[in-house]
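Student: Could you take me on a close look at one part of this model, the place where the two chains meet? I would like one connected account of it.

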There are 2 protein chains.
Amino acid sequence: LNGKHKPDRPSASLNPEVERSYKRFKKEIPPAEEFVRKIREGDKAWLGRAITLIESQSPADREVAQAVIKALLPYAGNSFRIGITGVPGVGKSSFIDRLGTHYIRRGHKVAVLAVDPSSSVHKGSLLGDKTRMKSLLEEENSFIRPSPSGDFLGGVARKTREAIILAEAAGYDRILVETVGVGQSEVYVRHITDMLVLLKLPAAGDELQGMKRGIMEMADLILINKADGALKEEAERAARTFRNALQLFTYRPAGEAGVMAVSSFSDEDVSRVLEHLENFYQKLKSDGSLEALRNEQLKFWFDETLQEYWQNLLRSNENLQREKEKLYRLVVERKISPFDAAEQLWNKILRQLKNS
Amino acid sequence: LNGKHKPDRPSASLNPEVERSYKRFKKEIPPAEEFVRKIREGDKAWLGRAITLIESQSPADREVAQAVIKALLPYAGNSFRIGITGVPGVGKSSFIDRLGTHYIRRGHKVAVLAVDPSSSVHKGSLLGDKTRMKSLLEEENSFIRPSPSGDFLGGVARKTREAIILAEAAGYDRILVETVGVGQSEVYVRHITDMLVLLKLPAAGDELQGMKRGIMEMADLILINKADGALKEEAERAARTFRNALQLFTYRPAGEAGVMAVSSFSDEDVSRVLEHLENFYQKLKSDGSLEALRNEQLKFWFDETLQEYWQNLLRSNENLQREKEKLYRLVVERKISPFDAAEQLWNKILRQLKNS
């Protein structure tokens, strides 16, 4: 590996230590070996820097990143990966701040990766307000990092998965992946974590914020957040209603549909959630389903990425794109069946590939 | 068009008239013009025969079928297409028998197409017991036909869509598409009809019969069936519970989540359902959403079929299939990332296509 490149488009970091180290390093990239050693020592600055390389658009940067990941792979996998989702305003950051702090008190090292595949729309909604993770930011055993965004699902997934690997190799054993529950992000986070936690507000109104159908069925745990003060009773009522509804919709045995009314400001509530999470994790590990789940995820991303290459072939080829639009129009005008149209386009694709 | 071919693998028909005409015709295929004329006259035997051509594996048969469809396309589209789904045993056939009879009493012509993309598993579960549609079978203005099966989703969809076009051109203005709510069939029926009706039993137990998650969210109307005798009260209680749950899960305005407890043996209940269906249809038509929905479905089948060509390319090529399995194994053994594996396979696909 012949290191020493200028990094390209580094992403912002919230951690002042990482910022400083970034400025120190930005003129040249050290060799992969140094990254590996520093990350294994748990050096946060180097961990942040490596994630920046992962996110870089420059092939040279990515080359170093890949060497680092490959070397660190044997040290990865030993964490509980928890996806946390919910619409903006539901209190994800405060909740993560409290949960993360509880985990650290129990001797864990906590990494928070916030991903937002649709960030062009929701820019700044994730980790935007540093004050909401104040306690966690001050902890020695925490690492907080907004992760890459983009509209190419597989691309974001890949980068976040790689960031998880690096964080695990640096000794973080509880990885919290924060994302907004709109657009494609919950599909994404579901296939990258071991457990999906959905935060909801006691009152309805999620539909106004673009929450997708089906997300409640995907969630392993639903937290009715802000169950404090005047909202406490309403949140508990909502939790009961959701618990019943969830049983009907997901066919889970009674009692297994995890729904809790919680306040991020109640240590007792946060502890209860933590216990629930840890029980879930122990159960996953003990019966082999964690291994099965992660294998399934690997296959999912293999298929998904292949799918994206194929989709991208269509999108990136102007001829094919024009032909597709033309055929679409004919289909909608009922001049050609969608099945004939697809066959025509397919034959054109094959011809183009053959002659390219 | 140069007709006169032997039809290949005709599918069974329940209608004795169709059976007879099939036997009469089976030695040669009349030209497309004759099909068109007879179908426009509402001749059931010729309608049945044309559907047999659609289902045929022989290119010659399909050629005639395509000419017939093309000629009849201008007369199609003027029906209300209703998908009816539910697990085996929920009482779909009896319900369709009653609903269809009510429609005929009101002056409609009713075609029932039963499709079952997973028929290898559930063979005989659809329209298997003719006695359950006895009243409807005796009606002059009914046409009942089990439709093609197969595990290639787009293929079944195409054939059923074509059967719908022919039935519409023959004057049928209420098309009931019956399917079991397991496997892929509900995805299929959802994208081929204007409205999806889900039949459920008052007691739980759907999960035992392979009903898929998410189907309740897709349904436009849920009927808790067999609300008669001892089960009446239980069915009504279930309807209330589902109505509340549905509102939570699909974010529909209160009152719009259609859930009714019904008995197929109560004329009053069947009439109530019919009114609900007709209101739904009128609403769809009046605000332009029927047109929008059908355009969306055309685009869906265009994309879906293209997707199946692409999937089939992988499946049908032994080299690529072997390469894919090899890469899968390496991914699961954590020797290569799913993203790298996909890239390798993609490049191999491109090379193969270029040299084929």
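Tutor: Gladly! Across the interface of chain A and chain B, 9 residue pairs are in polar contact, both residues being at pLDDT 80 or more; a polar contact is a pair of N or O atoms within 3.5 Å, where within protein one must be able to donate a hydrogen and the other to accept it, and residues adjacent in sequence count only if both atoms are side-chain atoms. On the chain A side, helices H8 (153-169), H10 (215-218), H11 (232-250), H13 (289-316), H14 (318-332) and H15 (338-355) each supply at least two of the residues that touch chain B, helices being DSSP runs (H or I, at least four residues) and strands likewise (E, at least two), numbered from the N terminus. H13(A) gives the largest share of that side, 16 residues. By type, the side of chain A that touches chain B holds 31 nonpolar, 11 polar and 17 charged residues; here Ala, Val, Leu, Ile, Met, Phe, Trp, Tyr, Cys and Pro count as nonpolar, Asp, Glu, Lys and Arg as charged, and the others, Gly among them, as polar.

Keep in mind that this is a predicted model, in which local features need pLDDT of at least 70 and side-chain atom pairs count only at pLDDT 80 or more, while totals for chains, interfaces and linings use all residues. Residues are numbered from 1 along each chain as its sequence is written, chains are lettered from A and ligands numbered from 1 in the order in which they are written, and side-chain values use heavy atoms, leaving out hydrogens and water.

As for extent, 59 residues of chain A are in contact with 59 of chain B, contact meaning heavy atoms within 4.5 Å. The copies meet through the same surface, because 100% of the interface residues of chain A are also interface residues in chain B. About 5600 Å² is buried between the chains, with carbon and sulfur atoms giving 70%; buried area is the accessible area (1.4 Å probe) that two parts lose on being put together, summed over both.

The interface also has 6 salt bridges, each a side-chain nitrogen of Lys or Arg within 4 Å of a carboxyl oxygen of Asp or Glu. One pairs Asp340(B) with Arg158(A), their closest N and O atoms 2.9 Å apart.

Finally, chain A can be laid on chain B with an RMSD of 0.1 Å by a turn of 180° and a shift of 0.1 Å along the axis, superposing by least squares on C-alpha atoms of residues with pLDDT of at least 70 in both. That is the relation of a two-fold axis.
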